[in-house]
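The following note comments on the structure shown below, point by point.

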Amino acid sequence: MEQATTTVLASMIALDPAGCGFTLAYVPYSRLGEDKGVDLSWEVNFGLPHSSEDAYELAGHPAAVIEELAKTLSTAGQVTVPSGVHDLVQEAAWSWRGWSQLLADVARLCCHLPDDDAGVDVSIGYTPSGERGVWSWTLAIPVPGTEYPASEWEGSSPTEVLGAALEEADIWLQGLPAGHLRVLLAQETNRSLT
C-alpha cells in the first residue's frame, strides 16, 4: 500500500504540479455495497487534475482503494512522471515508511467507537514551495455524539500524525476531544481537558 500511495502521489504531482492531494477515509460500519455482499468501507476522495470536479473510489481495503485511484488517474491522461518528481516523492516516502501499519492500528481502534460515529479520514497534500515542496498530512476522527468538529492531528508525515493519534487513543476512545481540537477547546475554556 505504501508503494502504491507513493506512485499515486508522483502521478498526481506530474498531472498537477501546482498542488494536489487526496483523502483516504475508513467507515467501518458502512452499509454501502451491503446488498451485494461487498465491503466498501474504504473510500478515497480526490480532485481530478485540471478540473473543478471531485471524484471518489470505494473498496474493502486501503490498498485496493489506492489501486482504484491509480487506475482513475491513468484514464485521466498519459502520466509521465519526471525524474525530479519521482525522486522528490521517493525521498519523502522513505521517511514515511511504516505508516500503513500505524493506519491499520488506528482503523482497528476506530471500530470501538459507536457505529454511527466510527471512522477516520487521512488527508494527504502536496504544495510546491522551495526545493522539496511541502507535504501535509491530517488525520481526523469524529467525537461521538457531539457537535464538535473532529479531533485532528496535523503534520508533515503520516508517522507523525498517526503516531500522535495512537498516543491519545485512550482519550478519543472515551469519546473526548483529542489532538488540535483538545488544545483549542482548552484555550477557549482557559483550562486543560482531562
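1. Accessibility classes. A residue is called buried under 20% relative accessible area, exposed over 50%, and partly exposed in between. By that scale C111, with a relative accessible area of 25%, is partly exposed. C20 has a relative accessible area of 17% and is therefore buried. The model under discussion is a predicted one, and buried residues make up 43% of the 194 residues in the protein chain.

2. Overall composition. The protein chain contains seven helices and six strands. Their order along the sequence is α-β-β-β-α-α-α-β-β-β-α-α-α. Of the contacts in the protein chain with a separation of 6 or more, 53% are between residues 24 or more positions apart.

3. The sheet. In what order do the strands of the open sheet lie? The six strands follow the order β3-β2-β1-β4-β5-β6, and their pairing is antiparallel. β3 and β6 (151-155) are the edge strands, each pairing on one side only. On average, neighbouring strands of this sheet are turned by 15° against each other, direction ignored. Helix α1 (residues 2-15) packs on the sheet and touches β1, β2, β4 (120-127) and β5 (134-141). The direction of α1 makes about 145° with that of β1.

4. Strand β1 and its two partners. β1 (residues 20-26) is joined to β2 by five bridges, and the two strands run antiparallel. Its pairing with β4 is also in the antiparallel sense, over seven bridges. Several residue pairs can be located in the model. T23 has N45 in β2 as its bridge partner, Y26 has W42 in β2, and F22 stands opposite F46 in β2. On the β4 side, the bridge partner of C20 is Y126. The strand is mostly covered, with six of the seven residues of β1 buried.

5. Strand β2. Which residues of β2 point to the buried face? Along β2 (residues 42-47) the side chains alternate: W42, V44 and F46 point to one face and are buried.

6. Helix α4. The buried residues of α4 are W99, L103, V106, A107, L109 and C110. These residues lie on the same side of α4, because they cover an arc of only 160° around the axis.

7. Residue T6. T6 lies in helix α1. Is T6 buried or exposed? Its relative accessibility is 5%, so T6 counts as buried. When neighbours within four places in sequence are left aside, T6 is in contact with V89, Q90 and A93.

8. Residue Q174. Q174 is found in the loop between α6 (169-172) and α7 (179-189). With 57% relative accessibility, Q174 counts as exposed. Q174 and V143 are 31 residues apart along the chain, and their C-alpha atoms are separated by 9.2 Å.

9. Cysteines. How many disulfides does a search of the whole structure find? The search finds zero. A disulfide is a covalent bond between the sulfur atoms of two cysteines. For C111, the closest cysteine sulfur is that of C110, at 7.2 Å, and this is too far for a bond.

How values were computed: Residues numbered from 1 in each chain as written. Predicted model: local features only at pLDDT ≥ 70, side-chain atom pairs only at ≥ 80, totals over all residues. Heavy atoms only, no water. Buried < 20%, exposed > 50% of the residue type's maximum accessible area, 1.4 Å probe, protein only. Helix = DSSP H or I, 4+ residues; strand = E, 2+ residues; numbered from the N terminus. Arc of directions from axis to C-beta. Pairing = 2+ DSSP bridges. Axes fitted to C-alpha atoms, helices over the stretch in contact; angles between N-to-C directions. Contact = heavy atoms within 4.5 Å. Disulfide = S-S within 2.5 Å.
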